[in-house]
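Reader: I'm new to this one. Can you walk me through it?

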Amino acid sequence: MIFVTGGCGFIGSCFVLDWLRDQQEPLLNIDALTYAGHPGNLEAAAGNPNYHFVHGDIRDKSLMRDLFQQWKPRAIVHFAAESHVDRSIAAPSAFVDTNVTGTVNLLQAAQELVQTLPPEEAHAFRFLNVSTDEVFGSLEPTDAAFSEAHRYQPNSPYSASKASADHFVRAWWHTYQLPTITTNCSNNYGPRQFPEKLIPLVIHNALRGQPLPVYGDGMQVRDWLHVSDHCSALRAVLAQGRPGETYNIGGRSVMTNLDVVRGICAMLDELRPRATPHAGLITHVTDRRGHDRRYAIDDSRLAAELGWQPKMRFADGIRQTVQWYLDNSAWVESVTSGSYRQWVEQQYHSRAAR
Ligand code: NAD
Ligand code: TYD
């Protein structure tokens with residue numbers, strides 16, 4: 001069987017559902033169900049005999065050790081993390097606890113298991129660490145896209161915590177020969193993304209006629225990767241990636257934030273017309289502190305070694321995503337109660353319109 005951590009979050013839930021659809025191998029999902037984890041994301045897995053769930057925290061070292069000893073997985077795909085840059089700016093400590101210490105707990109628990117395995121099973125074990133392109137820092141307009149060799153230069157508490165985790169993952173390979181692989185992917189989008197991130201936040205606010213907050217001039221550049229493409233890349237890396245290696249995963253859809261927001265507005269004008277165009281709701285607000293200007297991914301290693309490339313064009317992916325949010329208002333209602341409202345209040349009401 002395999003372990004997944006953070007399977008009740010946005011990307012993890014896509015990975016779990018795709019896995020159960022396509023593979024016959026059991027999967028155990030370990031998730032602490034923080035504000036970002038929703039059991040409802042995995043409703044479709046309920047009753048599947050290959051699906052197992054433990055409500056557990058990766059910061060709990062002895063629980064992680066017990067789970068590895070009890071279930072003896074052949075691999076772990078590690079998603080669990082505090083994942084939002086703005087929250088890391090507001091309250092960084094949780095990012096150290098989960099993203100760094102939690103990852104080290106998993107590495108230790110995996111290593112303790114692997115050292116008891118016969119050599120061929122130990123060799124075949126995989127620790128797949130799901131990381132981000134944000135560890136590389138920010139690119140100037142004319143810089144080449146991030147390759148795997150790009151220097152780590154994290155700029156936010158979030159990216160510093162992910163970079164730190166990546167270094168520990170590398171060290172466990174180098175020092176203990178634990179077969180680890182790290183992937184560094186670009187911004188994901190798609191169904192079930194928590195509406196604190198740009199795309200679901202904009203859809204959510206636009207549908208309510210609320211301001212669409214664009215940080216600074218909105219000319220920051222991101223490469224948008226559809227979550228289902230990301231999960232297919234992770235399956236390819238798990239199956240064929242080389243231990244000790246890192247792989248960049250991108251969507252080949254590079255856009256400014258303002259273009260993304262305008263695109264969503266145009267789509268909603270078509271699908272949910274209102275008296276005035278949705279773009280009229282765009283509001284430039286105070287920029288994020290230390291805001292990275294540009295990310296871009298060179299995914300040629302993944303393409304050359306594993307023959308992977310993204311399938312979803314952004315125009316199709318964003319249409320499908322907007323439609324998903326229109327069709328799943330009950331999900332949106334359930335995840336935007338209580339603590340979400342507090343977050344929005346704290347984040348945006350103090351951000352004066354520029
Ligand atoms: P998410 O915030 O939607 O979900 C995180 C999940 O982890 C939730 O289910 C949460 O309950 C769980 N979790 C958090 N702390 C935990 C803990 N201490 N113990 C156990 N479970 C815990 O995140 P996401 O967007 O799905 O991201 C998944 C991974 O991908 C993260 O490691 C993130 O850094 C990385 N990543 C995300 C993106 C993106 O665009 N979303 C891009 C690059 C990399
Ligand atoms: P986000 O979805 O938080 O992802 P990341 O910070 O990991 O790239 O933000 C994507 C981009 O959108 C980023 O440049 C910040 C910007 N942004 C806004 O302009 N307004 C918002 O309300 C949010 C949440 C993000």
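Author: Let's start with a term. A polar contact is a pair of N or O atoms within 3.5 Å. By that cut-off, Leu33 makes one with ligand 1: a backbone N or O atom of Leu33 lies 3.4 Å from an oxygen atom of the ligand. Keep in mind that this is a predicted model.

Reader: Okay. Which residues come nearest to ligand 1?

Author: Ile11, Asp31, Ser83, Tyr158 and Lys162 come nearest, out of 29 residues around ligand 1.

Reader: And how far is the polar side-chain atom of Tyr158 from an oxygen atom of ligand 1?

Author: The distance is 2.7 Å. Phe10 has a contact too, through its backbone: a polar atom there is 3.1 Å from an oxygen atom of ligand 1.

Reader: How much of ligand 1 does the protein bury?

Author: The protein buries 97% of it. Taken alone, ligand 1 exposes 830 Å².

Reader: Which elements give two or more residues to that shell?

Author: Four are listed: α1 (10-22), β5, α6 and β7 (187-189). The largest share comes from β5, with three residues.

Reader: What classes of residue are in the shell around ligand 1?

Author: There are 13 nonpolar residues, twelve polar and four charged.

Reader: Switching to ligand 2. Which residues come nearest there?

Author: Glu134, Pro213, Arg288, His291 and Tyr348. They belong to a set of 17 residues around ligand 2.

Reader: What does the side chain of Glu134 do there?

Author: An N or O atom of that Glu134 side chain is 2.4 Å from an oxygen atom of ligand 2. Arg222 also uses its side chain, where an N or O atom is 2.9 Å from an oxygen atom of the ligand.

Reader: And Pro213, what part of that residue is involved?

Author: The backbone. A polar backbone atom of Pro213 is 2.8 Å from a nitrogen atom of ligand 2.

Reader: How much of ligand 2 does the protein cover?

Author: It covers 97% of the 510 Å² of accessible area that ligand 2 has on its own. The elements giving two or more residues to this shell are α7 (198-207) and β8 (212-215). The largest share, three residues, is from β8.

Reader: What's the split by class around ligand 2?

Author: Seven nonpolar, five polar and five charged residues.

Reader: New topic, rings. How many aromatic pairs does a search of the whole structure find?

Author: It finds 17. Take Phe136 and Tyr152. Their ring centres are 5.5 Å apart and their planes stand at 90 degrees, so this pair is edge-to-face.

Reader: Where do Phe136 and Tyr152 lie?

Author: Both are in the loop between β5 (126-132) and α6 (157-176). The pair therefore ties together parts that are 16 residues apart in sequence.

Reader: Is Phe136 buried or exposed?

Author: Phe136 is buried, because its relative accessible area is 1% and the cut-off for buried is under 20%. Tyr152 is partly exposed, at 24% relative accessibility.

Reader: How is the pair of Tyr325 and Trp331 arranged?

Author: Edge-to-face. The rings are 6.1 Å centre to centre, with 80 degrees between the planes. Both Tyr325 and Trp331 are buried.

Reader: Which ring does the charged end of Arg351 sit over?

Author: The ring of Tyr215, at 4.0 Å from its centre. Arg87 lies over the face of Tyr35, with 3.6 Å to the ring centre.

Reader: Last topic, the backbone. What is phi of Lys72 near?

Author: Phi of Lys72 is near 45 degrees, a positive value in a residue other than glycine. Most residues other than glycine have a negative phi. Lys72 lies in the loop between α2 (61-71) and β4 (75-78). Its relative accessible area is 46%, so Lys72 is partly exposed.

Reader: What about Arg252, what is phi near there?

Author: Near 55 degrees, again a positive value in a residue other than glycine. Arg252 is in the loop between β10 (246-249) and β11 (254-256). With a relative accessible area of 45%, Arg252 is partly exposed.

Key. Residues numbered from 1 in each chain as written. Chains lettered and ligands numbered in written order. Predicted model: local features only at pLDDT ≥ 70, side-chain atom pairs only at ≥ 80, totals over all residues. Heavy atoms only, no water. Near = heavy atom within 4 Å. Polar contact = N/O pair within 3.5 Å; in protein donor to acceptor, adjacent residues only side chain to side chain. Areas by Shrake-Rupley, 256 points an atom, 1.4 Å probe, with all protein chains shown as cover. Nonpolar A, V, L, I, M, F, W, Y, C, P; charged D, E, K, R; others polar. Phe/Tyr/Trp six-rings, centres within 6.5 Å; stacked < 30°, edge-to-face > 60°. Buried < 20%, exposed > 50% of the residue type's maximum accessible area, 1.4 Å probe, protein only. Lys NZ or Arg CZ within 6 Å of the ring centre and 35° of its normal.
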